[in-house]
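Dear colleague,

I am handing over the structure that we spoke about, and below it you will find an account of what was found in it. Please read the two side by side.

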Amino acid sequence: SADSLIISADGILRLLPFEALYDKNSSKYLIDDKNIRYIASGKEFVRLYSNSIKNNEKQNNKISMFANPNFNDKNTKEKEDNNSEKLLTPNTSRSVAAEALFSMEQFSVLPNTKIEAINIKNILSNYKVDEYLENNASESNLFNISKPKILHIATHGFFINDNDIPNPMLKSGIVLSGANQSLKYSKDEGIVTSLKLSSLDLKSTQLVVLSACQTAEVDPNSSESVSGLNKAFIQAGANSVIMSLWAVADKETMELMSNLYNNIKDNKSYSLSLRNSKLGMIKQNIHPYYWAPFIISGRD
């Protein structure tokens, strides 16, 4: 039988990490025997591989890392960009999304993500690593990066389960420095929806890693089988996206991420690197709650 699975799930099944399916007879998880990755749809599968044939840009060793954003950064200014998708347009779905966003609670600091970033930088000593920490982990800096080989973002993700927001790309996103100030003053700088993220310049980027809470969550009732952050980063040009299905613990996330990048350093494929990281945690008898939420979508 095949040793790899590419899964295109729909509805509520998109929230299921198939890796954690357990066979009592063999006392094994599905990931013990299969390398698993996900794809939004058959159409997306064909498009990703077609783009890989067309894309002949020289690969680089540049990694961009965003971690430990200062959500209370008071120096963050509202960007005035006529080309950006503003949340505050009256009488549109964006204004509904804005109302939902600004009702969110303040985001808590993530100091361990800075330690995570330092560990990754030490592991990838042969790479050119650009770090954006605290105040520098900003929306403006994110949109100024261009085609890194790997984009690593360690922050909070969000998902708004609101049927009054018809555009799924406005229901999910990540938060960066100044987000709490934006929530306080009804701004949108630092609150980065999937719609915004889809305009990033990630052509020839091989991997986006979202070390954040609930970054893969989607609306199971949506009529679209593609939505959320995964769609945004793939649309922006990335080949693969690693993201989480539920809130994850700092300690175990740091361990998984360190193992992931050690495997990447050894030139393993991204899906195999993630699988090996999870298998290492299984050998330590770590509960699936801590390793199963991180999934990889896209192509190697």
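**Overall make-up**

The protein chain has a secondary structure of 11 helices and 13 strands, and please keep in mind throughout that this is a predicted model. Among contacts between residues at least 6 apart in sequence, 79% join residues that are at least 24 apart.

In soluble globular proteins, nonpolar side chains tend to be buried together. The largest nonpolar core here holds 48 residues, and the members that touch the most other members are Leu142, Leu151, Ile153, Leu197 and Phe233. Helix H3, which covers residues 93–102, contributes the largest share of this core, with five residues. Apart from this core lies another one, of 33 residues, which includes Ile63, Ala67, Val129 and Leu207.

Which residues is Leu142 in contact with, once its neighbours within four places in sequence are left aside? The contacts of Leu142 are then Phe66, Leu151, Ile153, Ile174, Leu176, Leu197 and Leu200. Two of these names, Phe66 and Ile174, return below, the former in an aromatic pair and the latter in a strand.

**The sheet S8-S9-S10**

Strands of a sheet pair through backbone hydrogen bonds, either parallel or antiparallel. In this model, three strands form an open sheet in the order S8-S9-S10, and their pairing is antiparallel. Strand S8 (157–159) and strand S10 (191–193) stand at the edges with a single partner strand each, so one side of each has no neighbour in the sheet. From one strand to the next, the twist averages 30 degrees.

Strand S9 (residues 172–175) is joined to S8 by three bridges, the two running antiparallel; here Ser172 of S9 is the bridge partner of Phe159, and Gly173 of S9 stands opposite Phe158. Three bridges likewise join S9 to S10, again antiparallel, with Val175 standing opposite Ile191 in S10. As for the side chains of S9, Ser172 and Ile174 point one way, whereas Gly173 and Val175 point the other way, and all of them are buried.

**Strands S12 and S13**

A further antiparallel pairing joins strand S12 (residues 240–244) to S13 through five bridges, and in this pairing Ser244 stands opposite Phe294 in S13. Strand S13 (residues 294–298) is largely enclosed by the rest of the structure, because five of its five residues are buried.

**Aromatic pairs**

A pair of aromatic rings is described by the distance of the centres and the angle of the planes. The count comes to seven aromatic pairs in this model. One of them, formed by Phe66 and Tyr132, is stacked, with 4.5 Å from centre to centre and 10 degrees between the planes. This pair links distant parts of the chain, since Phe66 belongs to strand S5 (residues 62–69) and Tyr132 to strand S6 (residues 128–134), 66 residues apart. Phe66 counts as buried, because its relative accessibility is 1% and the cut-off for buried is under 20%.

The rings of Phe71 and Phe107 also pair, with their centres 6.1 Å apart and their planes at 45 degrees, so this pair is tilted. The pair again links distant parts of the chain: Phe71 lies in the loop between S5 and H3, Phe107 in the loop between H3 and helix H4 (112–123), and the two are 36 residues apart. Tyr22, Tyr29 and Trp291, in turn, form one aromatic cluster.

**Helix H8**

Is helix H8 (residues 228–235) mostly covered or mostly uncovered? Helix H8 is mostly covered, with six of its eight residues buried, namely Gly228, Leu229, Asn230, Ala232, Phe233 and Ile234. Phe233 is also among the residues named above for touching the most other members of the largest nonpolar core. After H8 comes Gly237, whose phi is positive, near 125 degrees.

With kind regards

Note on methods: Residues numbered from 1 in each chain as written. Predicted model: local features only at pLDDT ≥ 70, side-chain atom pairs only at ≥ 80, totals over all residues. Heavy atoms only, no water. Core = buried A, V, L, I, M, F, W, Y, C linked by side-chain atoms within 4.5 Å. Buried < 20%, exposed > 50% of the residue type's maximum accessible area, 1.4 Å probe, protein only. Helix = DSSP H or I, 4+ residues; strand = E, 2+ residues; numbered from the N terminus. Contact = heavy atoms within 4.5 Å. Pairing = 2+ DSSP bridges. Axes fitted to C-alpha atoms, helices over the stretch in contact; angles between N-to-C directions. Phe/Tyr/Trp six-rings, centres within 6.5 Å; stacked < 30°, edge-to-face > 60°.
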